[in-house]
Each structure stands twice: as structure tokens, then as C-alpha cells.
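Please look through the sequence and the coordinates below before reading on. The paragraphs after them go through the fold step by step.

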Amino acid sequence: MSDKVFKTGMRTGKEFADLRKNPDRGFRLETYLTLGSNTVMFKPSKTPLGFLDEERAHYADLPVGLVQFYVYLTEYCKKPLDEKAFAQLKDYLCALRERNLRAVLRFAYEFEVDRKTGPTSHRIYGHLSQIAKWFSENEELASQTILVVQAGIIGAWGEWHTARYWHNQKKVLQKICNAVPDFLPIQVRTQKIRERLQDSSVLCRVGYHDDFLVGNYHKWNAANAGPGTADFDRFVRDSASLLNDGEMPWGRDKTHQNGYIDGYEMLTACAQHSLSSLSIVHNFTEEGGNFNAVRWQTEPLTAEKAKALGCPFFPEYFEGTSRTVFEYLTDHLGYQIAVRKLESKGDKVFCTLENGGFALPYGFTQLTLHLEDSAGNIVSIPFADYTPQALPGGKTAVFTAPLPAPAERIGVSLRKPVKDLPAVRFANLCDFQNGIHWFE
């Protein structure tokens with residue numbers, strides 16, 4: 001095949017909306033299941049799936065493919081988990097799969113800060129051994145339905161504070177990591193907690209869930225300290241290669257600035273956190289209110305302002321249209337991938353990818369070249385030098401694949417090794433079939 005450069009035309013303006021349903025990124029819901037009684041924590045009048053479907057209906061106008069799934073083990077504080085508990089967990093995950101939702105999973109025991117109820121360390125260790133066994137017996141279901149496991153377990157809401165009993169946090173954390181299968185990433189609440197794994201081989205798959213995002217720095221953030229410190233710089237560097245989740249406080253919370261969250265500051269925080277997912281049930285329209293994120297729907301954002309805020313984007317995103325803070329947030333949580341250059345030279349193909357989102361395409365490990373001959377036969381070849389960690393938010397990288405024979409056209413796809421999970425849709429305007437982008 002002679003040397004060629006292929007057309008990699010880009011979407012512009014509103015055409016980027018097609019990317020909002022890309023898998024494992026974006027806004028998430030929040031649901032609860034209490035094992036044993038099979039009830040909804042905090043919502044005693046609801047059924048588990050009834051509450052889930054109410055949440056889906058309330059946010060139906062937004063692209064939502066994720067749900068933070070709290071699994072409360074409260075009723076098992078003094079006994080092992082039983083078959084009924086695991087059957088309830090399995091049934092709920094199957095229901096998520098039927099609804100094309102993926103779980104940000106967190107196990108917890110304590111649901112208040114009153115320290116009245118909680119497990120001993122011995123009970124936690126026993127439950128984690130049972131959970132590890134369940135994972136090993138249900139690998140396919142877990143890979144299809146769970147995006148990440150948050151290291152909850154300890155304290156109120158699994159946030160590692162105000163627990164009834166004292167626990168050796170490093171030991172509990174290591175046992176959580178041992179229980180979670182290697183194909184699933186893990187998230188911890190703070191930088192200090194993650195540092196307890198500093199010498200562990202599991203560290204590379206442990207990201208953050210920041211449960212108090214308010215734009216500028218707050219002592220309840222995931223980072224040890226604020227901007228301008230060595231701790232914060234390290235937090236930003238580490239976050240760029242990890243899978244990270246976040247949420248704002250509830251809209252009724254007045255702890256920070258009497259409840260006011262600046263939209264522009266929030267965008268900078270999301271970029272610094274390399275945020276892949278964000279709760280939309282916090283500080284938006286919960287409980288019939290209109291909170292900070294509603295205001296952001298009318299706050300304008302220009303390319304110049306986004307650049308000043310340190311936020312990544314493709315210039316084409318702002319072409320021919322006006323943007324708001326909320327709209328930009330909707331589109332840039334997680335990854336936003338484009339083929340910027342595709343060329344064949346001799347017996348190789350070089351693919352230049354750019355990421356215009358906040359975060360790397362974590363776990364999307366299969367970048368593949370597809371060659372179609374004149375008879376319509378397709379040969380697929382991996383880009384062996386590709387790794388998601390080469391594409392953090394705002395970065396560009398070049399990957400290479402062999403070109404064994406002439407082809408009528410060339411395609412590129414990016415996927416996770418998860419059965420039935422859709423391929424990533426790129427920001428390019430091109431023929432897109434069966435998860436493959438075909439370039440002329």
C-alpha cells in the first residue's frame with residue numbers, strides 16, 4: 001500500500017451531543033439496597049427497583065449510564081452474609097444490566113453518624129472473604145454490571161469516619177483490595193487513605209471518590225491540601241492516570257459558602273480531579289429544589305474562558321454555537337476521543353489520538369486497526385503500543401500498528417474487554433458501523 005493520509009474530519013458544535021452516551025463516563029444516579037430485608041435505605045416506603053426507576057424517570061432528560069449503588073450490610077453486623085443476601089445483590093445487578101446501567105458499587109454498614117450500629121473488624125473480615133468468593137463465582141456478571149468498587153465498609157455511609165468501632169484502616173483497605181477482582185478498579189475517599197497502599201501492587205488501580213466537591217478547596221476534599229502545595233500537585237498527577245468519581249454536597253447543605261458553588265470553579269476542580277463520573281442527584285433538582293447545577297444551565301462558557309480555567313476541549317466543540325457551564329460539564333466528564341491524524345507509511349499505520357475530556361478512557365484497553373479488502377473481508381490488528389494511560393485529559397499520543405496487506409479502507413475502534421459494552425464513539429464525523437470508525 002502506498003503512503004496515504006486519511007480524512008479525519010471532526011464534528012462541530014452541537015454534533016458533539018452524540019458522544020454523551022459513550023460508556024462508563026458522565027453523570028450518575030444514586031440508589032440504595034439493604035440486604036436481608038431487601039429494602040431501600042432512607043426510603044422505607046419504596047421498593048428497590050421502584051426507587052431506581054423513579055430516579056431514572058426524574059433524570060430522563062439527561063444522559064445517564066451509571067448509578068452509585070450503595071449496598072447496606074447493616075442487618076448482618078452480627079452474622080455472616082447468607083444466600084438470601086447474595087441473591088438480592090445478584091438480582092439487583094441483573095436489573096441494572098437490563099436497564100443499561102453500570103454500578104459504582106459501595107458496601108456500607110452505618111447509615112448515620114450516631115455510632116449506634118456498626119460491625120466489628122472480625123465481622124468485616126468475614127464478610128469480605130464471602131464477597132471475594134462471590135466475585136470469583138460471578139465474574140461475568142460483575143464485569144458487565146460494575147464499573148468500579150468504592151472502598152466503603154468503614155463508618156457512616158462508608159466514608160471512613162464516625163464508625164462505631166475502631167478499625168485498622170490499612171488492614172481493612174488491603175482486605176477490600178484483595179476481595180475486589182483484578183479486572184475492577186477501586187476508589188478511596190482521600191489521598192491519605194490511598195497512601196496507605198503506597199507499597200502495594202494494587203495502587204495503580206486505586207482512584208478517588210471525592211464526596212464533597214464544591215469548586216475551590218475544602219478540608220473534606222479528597223486531596224490532602226489545596227492548590228499550591230506538593231500534596232495537591234501529586235494528587236493532580238496521580239488522578240490523571242486513575243478512574244475518579246465525585247459528588248457535590250446535597251443542595252440543602254450550607255456548610256460551604258452558604259451552599260453556593262461557583263460553576264467555573266467547579267469545572268476547574270473536575271479537570272484537576274480528572275473526573276470520569278459525577279452525581280447528578282446532588283445539588284441539582286433533588287427534593288423538588290433548584291440548586292447550583294440548575295443555575296449553571298444558563299451560565300455562558302466560551303472557549304477562551306474554558307482555556308483560562310485549565311479545562312480541556314476540542315476547538316471544534318465551540319464552533320457555531322454558544323455553550324453553558326452545565327453543557328460543557330455534561331460533555332467533558334470522562335473521555336472525549338478523536339483521531340487527529342491517520343496515515344500509512346510503508347508497512348505501518350500511525351494513529352494520532354487526542355483526548356478532549358477531563359479523564360483518560362480508563363479500562364478501554366483495546367485500540368484496534370481494521371482493514372477491509374475489496375471483497376468486504378475485514379482483518380483486525382491491535383495497536384500493540386496503545387495504553388489508556390497515554391491519553392489523560394487534554395493530551396495527544398501516537399500509536400502504531402502493522403499494515404500487512406493493501407486495503408480498500410481503514411477503520412479504528414476503541415473498546416473495553418467487557419461483553420456487550422458498546423465501543424467508544426469518537427469525535428470524528430465518519431462512517432461508524434459496529435463500533436468501527438471508517439476513514440476514507
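In which sense do strand 14 and strand 17 pair, and over how many bridges? The model is a predicted one, and in it strand 14 (residues 366–372) and strand 17 (residues 409–415) are joined by seven bridges in the antiparallel sense. One of the paired positions is Gln-366, whose bridge partner in strand 17 is Arg-415.

This pair belongs to an open sheet of five strands, ordered 15-14-17-19-18, with antiparallel pairing. Strand 15 (378–382) and strand 18 (431–433) stand at the edges with a single partner strand each, so one side of each has no neighbour in the sheet. On average, neighbouring strands of this sheet are turned by 25° against each other, direction ignored. Strands of a sheet pair through backbone hydrogen bonds, and the pairing may be parallel or antiparallel.

Eight strands close into a barrel in the order 2-3-4-5-6-7-8-9, and their pairing is parallel. The twist from one strand to the next averages 30°. Strand 2 and strand 9 (residues 275–279) run parallel and are joined by three bridges. Within this pairing, Phe-27 has Leu-278 in strand 9 as its bridge partner.

Which residues of helix 1 (residues 48–58) are buried? They are Pro-48, Phe-51, Leu-52 and Glu-55. These residues cover an arc of only 100° around the axis, and therefore lie on the same side of helix 1.

The remaining values describe the protein as a whole. Its secondary structure comes to eleven helices and 19 strands. The radius of gyration is 22 Å, close to the 22 Å that the globule rule gives for 440 residues, so the protein is as compact as a globular protein of that length. Along the principal axes, the C-alpha trace spans about 75 × 45 × 45 Å.

Of the 440 residues, 58% are buried. Among contacts with a separation of 6 or more, 74% are between residues 24 or more positions apart. The accessible surface comes to about 18100 Å², and carbon and sulfur atoms hold 50% of that area.

Notes
Residues numbered from 1 in each chain as written. Predicted model: local features only at pLDDT ≥ 70, side-chain atom pairs only at ≥ 80, totals over all residues. Heavy atoms only, no water. Pairing = 2+ DSSP bridges. Helix = DSSP H or I, 4+ residues; strand = E, 2+ residues; numbered from the N terminus. Axes fitted to C-alpha atoms, helices over the stretch in contact; angles between N-to-C directions. Rg over C-alpha atoms; globule rule 2.2 N^0.38 Å. Buried < 20%, exposed > 50% of the residue type's maximum accessible area, 1.4 Å probe, protein only. Contact = heavy atoms within 4.5 Å. Areas by Shrake-Rupley, 256 points an atom, 1.4 Å probe, with all protein chains shown as cover. Arc of directions from axis to C-beta.
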